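Dear colleague,

Please find the structure below, handed over for your study. My notes on its side-chain contacts follow directly after it.

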Amino acid sequence: MKAAKGKNNFPCLLKQDFVDNGTYQCGICASSNLNECYHTTVEYGQCMTNESFKEDGCRYRTFAKDYKIINERTKDEKIYIDNDTKQKYQKQHSEWLPISKLKVRREWKPCEYFNQLNIALASSHSIFNYPIFLAFLPYNKRLSERELLVLDEGHLLETEIVKFRGLSISKKRWKRYVGNFDIVDYGYDSIERWIDFLIDLETKMLIAIGNDSLASSLDIERSIKFNYYKTRKISSENLDHKKRIVSATELFESDEEIAKKYANVEITSKDDTKTLSDELAVDALKDTERLTRTINSILANPKNWIVSDIKKDNYKIEKVELKPLDISPYCKTVFEKGSKTLIMSATILNNKAFCKSIGLAPDDVKFIQVESDFPIEHRAIYPLNIAYLNYSNLQSIDIMSKISTTVDNLMSTHKNDKGIIHTTSYEQLNFIKENLSKENTRRLLVTDPEIQRDEVISQHTSSPKPTVLISPSLHTGLDLKDDLSRFQIITKVPYPNKSDRWTNAKRQVDEEWYYWQTALRLIQAYGRSVRSKDDWARTYVLDSAFSYFVRKNRNTLPSWFIQAIKGQCR
């Protein structure tokens, strides 16, 4: 089983050559401190930014044709570069002009990114995370159809596709490319005016990367395909100082029309001071290609898109986000990658709601549900019914004080145990934190949007003290096995936030989806602390609405969950 990781996980070996010789200079970072520069990875490598290094221009890069396979489709399968090919690369590397004058020279080795990617793509069994897998979908010639496609944690498929297809425009990021960039406030209800805004931005970006002819081509195409026409204002002046950069579509052939259009671009500026650096050009191209794809997706079905968020600072827009509501049209290319597809999750729960969300006909799907073999006494759920935690009650100091007092008492009961507290907002988290005893406050480890999640989790797992995680965002992807958690507190039934415009729009279209998502989050949170048949932990639910939710959704919640509930609510 061969895994593939993204470009940012691997150093660009050519840039590393210059780092080793003390002559590397980043085109973006003002600081000369390499520890503060993240542009030395393959994401910003010369093969991504420079015409002369594309294809076999980089002597570190290898290709699919270079690899041999033995014992294919067995446990002893091996994928490797043969000695003749290695010697060829070693000779080319020794004669390579870009590094010919360097004092410190390394022995040739294949680019780590392309090496692991070529091996994964050639392997009979490959592993990709969702972002990498979705990013490769346009490149059919490299990511070929397999006999079996396994989608693990399948309940996340909708979330991952919305994240991949959606678009975020922030002033901070985009003014790096367009100096006087500003976001006009068209509000939440005029998707047509936002389309105009996005196309104007696309025009500026295409000019910035020297591909203004593509703007006219897109205008004509959109007028035909989508009955949409907008005249662009593009300068006809000759632009000088051209610098050629390479898009991802040149590295992996694509049959997607948009990807083809971005196969050849040039960076252009009328004065050297405004020329995009190589590193910035990579971001500019990637963002513009995504912008074009989003514009066409919106034009194809404007009613399926929503302005999900507008963030302001002093009445000026700093960020706008757009998301698709129904992702089923985008799932077809996912399922085409396997003759058969196996979707796995502990929280499919409602097979009809799940199938609807990803565009599958229930009659075409075999749904298999397996009972839990974890002993009930190891995973008991205790509904404490402290208060009904609806929006109004959550604003009450008295009710929130009851919640924090209960949390404090439970932490004291488990004073020698590690655990986790699931909140549904940072407001809840902060109130609880500020109203605990000093001893229990010192035990808390708080997640924060500004801190890497893994840092907080690592601190919890490595500390010998009875630390307690508290977070509104740790209900998935967390393994608190054995002594890492002997108790967990679910403060509130985790209904998705209706103040989120995308969530509320989905709820209005399909209320069953809303309750299914709530059940999904609840079961996922419940599953963080008991990870095997021999593991055990107590789960406490403080929200009095828990009993009502269980009764209302008995057909969605699995029987093994309901059986673990102590008391009358089940």
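K163 counts as exposed, because its relative accessibility is 53% and the cut-off for exposed is over 50%. Please keep in mind that this is a predicted model. The salt-bridge partner of K163 is E160, and the closest N and O atoms of the two are 3.6 Å apart.

E221 is buried, at 15% relative accessible area, while K225 is partly exposed, at 46%.

Which parts of the chain does the salt bridge between D185 and K312 tie together? In this bridge the closest N and O atoms are 2.7 Å apart. D185 lies in the loop between helix 7 (171-174) and helix 8 (191-208), and K312 lies in strand 9 (residues 305-313), so the bridge ties together parts that are 127 residues apart in sequence. D185 is partly exposed, with a relative accessible area of 39%, and K312 is partly exposed as well, at 48%.

In total, the structure holds 25 salt bridges. Some of them share partners: R173, R176, D283 and D287 are joined in this way into one network.

The aromatic rings form a second group of contacts. In general, a pair of aromatic rings is described by the distance between the centres and the angle between the planes. With rings counted as a pair if their centres lie within 6.5 Å, the structure has 19 aromatic pairs. One of these is formed by Y60 and W96, an edge-to-face pair with 5.7 Å from centre to centre and 80° between the planes. Y60 is in the loop between helix 2 (46-49) and strand 2 (67-70), and W96 is in the loop between helix 3 (83-94) and helix 4 (112-122); the pair thus links distant parts of the chain, 36 residues apart. Both Y60 and W96 are buried. Elsewhere, F181, Y186, W194 and F197 make up one aromatic cluster.

Finally, charged side chains also meet rings. R165 lies over the face of Y330, 4.3 Å from the ring centre. The charged end of K78 sits over the ring of Y80, at 5.8 Å from its centre.

With kind regards

Terms used: Residues numbered from 1 in each chain as written. Predicted model: local features only at pLDDT ≥ 70, side-chain atom pairs only at ≥ 80, totals over all residues. Heavy atoms only, no water. Phe/Tyr/Trp six-rings, centres within 6.5 Å; stacked < 30°, edge-to-face > 60°. Helix = DSSP H or I, 4+ residues; strand = E, 2+ residues; numbered from the N terminus. Buried < 20%, exposed > 50% of the residue type's maximum accessible area, 1.4 Å probe, protein only. Lys NZ or Arg CZ within 6 Å of the ring centre and 35° of its normal. Salt bridge = Lys/Arg side-chain N within 4 Å of Asp/Glu carboxyl O.
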